[in-house]
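Here is a set of questions and answers on helix packing, sheets, a pocket and a cavity. Keep the structure open while reading.

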Amino acid sequence: MFLLVAVLLVVIGLTVLGYLKFANQLYYGAKIGGPKGYPLVGNAFTFINKSPPDFFLTIERTVREAGKCFRLWLGPDLLIIVTDAKVAEGVLSSPKFIEKSDEYNFIRPWLGDGLLTSSYRKWHFHRKIITPTFHFKILEQFVEIFDSQSNILIEKLTPFMKSGETFDVFPLITLCALDVICESAMGTKVNAQIHSDSEYVQAVKEITQIIHIRTYDVLARYDFLFNLSSYKKQQDKTLKILHGYTDSVIRSRRLELTSANGKTASVDGNSELGIRRKIAFLDMLLQATVDGRPLTDLEIREEVDTFMFEGHDTTTSAISFLLYRLAKHPEIQQKVYDEVKSVIGEGTNGPVTLSMLNEMNYLELVIKETLRLYPSVPFFGRKILENSEIEGKIYPAGTNLIVMPIFMGRDPEYFENPLEFRPERFETEISAEKVNPYRYIPFSAGPRNCIGQKFAMAELKSVASKVLRHFEVLPPVGGQEESFIGEMILRPTYGISLKLKKRI
């Protein structure tokens, strides 16, 4: 009897707390304003069964109609969309708002509590451990990987140049980026550009597709419904492959380091896994400690997989849209090529160093302008844990607050003629004293900004300069309609169609 009463009291207590939380959100959400919702479902019918492009266009239309900051209800979940630079600054710059929004739960089955998804003490300690990985001496070794994998990309692109046909460059860049990040993160080669049908390559593709589906399919957002779907079985199968591969590399590398410390022979099987002798991201983690103890294999796997996720699709998106814009603007492409040639020299295959990449200042402006229009991560999410005042408005506890840099980068209030592709604006407009720097945040900002910004910029410069040393990038005959999908990563809806011409 006592147990029954206790259970009833707990249920009643949770129900009351849930009601109070919902009432609090309802009250303050009404003050923020947004499109009309309906009982129980809120705005869910606006987005249910929407394809990714339609979902993105719906958000874009609502931004125009409802303003820079508005609320949406997806069933009982309150989302507040933010495209206001001042509000974005209030959220991203504060150590108070460290917790990621519920959307990041879709990534946790793969990444666990890695740097992207963890919070507070674990996030702080792991961020401190990982930061030295991006020291310039380590980045210099990564540049060698960028260069060697870019050479393979050139081999894959050459047949399209010879035939003169139009082709989609996006899947080729995807495989190149995957090769780069595998070798940089784990010190192991998967040869994705050569063996694009490998089990691991396909598993990466499948898990990212599942994550993307859960961001726009309202029904798939909820674990109960997701677990009943075919996606759950597909996810379990895919994660077994991904985690199994990472675990095997961690075990092998840990044994190799142990053998090296004991001055014994190398471990059998290293050649099969393609273990590099140079320092990889994994090596830094294997030698790191937290509170005097080494990281567990699970903690290491979480960070390696996080590095894989964040450094794979994001660079694919950025490089692809960069080549798309260079093809559309031949005068800008020529200026970039002239700069690359002046820094590296006349040859097409000479070695490239980090210092050379750092000298490519105009190319950096072009990359920044590309990311303004096509930020690889089109939104960042934060969880508001308690009622918080930001720029004069109360944001209720439990809110998922979504900052969307893609709309901020295209806002005429923030950028003059925002749809015009003008890299030179970053020499003047961005540096103006009165400008809020939070209007341009392709790498996020504040305490949780992207730790791999320098890595990403170096990779983008390396791959783009390598392509331009060999080819002139041309648009397809008749041009290409601009359309993209705004999910966890910004993607072109119909790929990136290009033609290539040999440099003379």
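Helices (H or I, at least four residues) are DSSP runs, numbered from the N terminus. The model is predicted.

Q: Which element gives the largest share of the lining of the second largest pocket?
A: The second largest pocket has a volume of about 400 Å³. Helix H17 (354-359), helix H18 (361-373) and H21 each give two or more residues to its lining. The largest share is five residues, and the element that supplies them is H21.

Q: Which of the residues that line the second largest pocket are the closest to its centre?
A: The lining of the second largest pocket divides into 11 nonpolar, three polar and four charged residues. In total, 18 residues line the pocket. The closest to its centre are Glu 364, Lys 368, Phe 443, Gln 453 and Met 457.

Q: Are H16 and H21 roughly parallel or roughly perpendicular to each other?
A: Helix H16 covers residues 330-344 and helix H21 covers residues 453-470. Their axes are 10 Å apart, and the packing angle is about 95°. Angles of 65 to 115 degrees count as roughly perpendicular. H16 and H21 are therefore roughly perpendicular.

Q: Which residues in H21 meet H16?
A: From H16, the contact takes in Gln 333, Val 336, Tyr 337, Val 340 and Ile 344. The residues of the contact of H16 with H21 divide into five nonpolar, two polar and one charged. On the H21 side, the residues are Ser 465, Leu 468 and Arg 469.

Q: Which element gives the most to the lining of the largest cavity?
A: The structure holds five cavities of 30 Å³ or more. About 690 Å³ of space lies in the largest cavity. At least two lining residues come from each of helix H6 (120-130), helix H14 (297-310), helix H15 (313-328), strand E6 (380-383) and H21. With five residues, the one that gives the most is H14.

Q: How many residues of the lining of the largest cavity are nonpolar?
A: The largest cavity is lined by 41 residues, and the closest to its centre are Leu 116, Glu 310, Thr 314, Val 377 and Cys 450. Eight residues of the lining are polar and seven are charged. The nonpolar count is 26.

Q: Why is one side of E3 and of E10 left without a neighbour in the sheet?
A: Three strands form an open sheet in the order E3-E13-E10, with antiparallel pairing. Strand E3 (167-168) and strand E10 (471-474) stand at the edges, so one side of each has no neighbour in the sheet. The reason is that each has a single partner strand.

Q: What is the bridge partner of Phe 471 in E13?
A: Strand E13 spans residues 497-502. E10 and E13 pair in the antiparallel sense over four bridges. In E13, the partner of Phe 471 is Lys 502.

Q: What is the bridge partner of Arg 382 in E9?
A: Strand E9 covers residues 400-403. E6 and E9 run antiparallel, joined by four bridges. In E9, the partner of Arg 382 is Leu 401.

Technical notes: Residues are numbered from 1 along each chain as its sequence is written. This is a predicted model: local features need pLDDT of at least 70, side-chain atom pairs count only at pLDDT 80 or more; totals for chains, interfaces and linings use all residues. Side-chain values use heavy atoms; hydrogens and water are left out. Axes are lines fitted to C-alpha atoms, for helices over the stretch in contact, and angles run from 0 to 180 degrees between N-to-C directions. Angles under 35 degrees count as roughly parallel, over 145 as roughly antiparallel, 65 to 115 as roughly perpendicular and the rest as oblique. Contact means heavy atoms within 4.5 Å. Ala, Val, Leu, Ile, Met, Phe, Trp, Tyr, Cys and Pro count as nonpolar, Asp, Glu, Lys and Arg as charged, and the others, Gly among them, as polar. On a 1 Å grid over the protein atoms alone, a cavity is a set of points where a 1.4 Å probe fits but cannot get out, and a pocket is an open set with protein on both sides within 12 Å along at least five of seven lines; lining residues have an atom within 4 Å of a point. Grid points are joined across faces, edges and corners, and a volume is the space filled by probe spheres set on the points. Two strands pair if DSSP finds at least two bridges between them.
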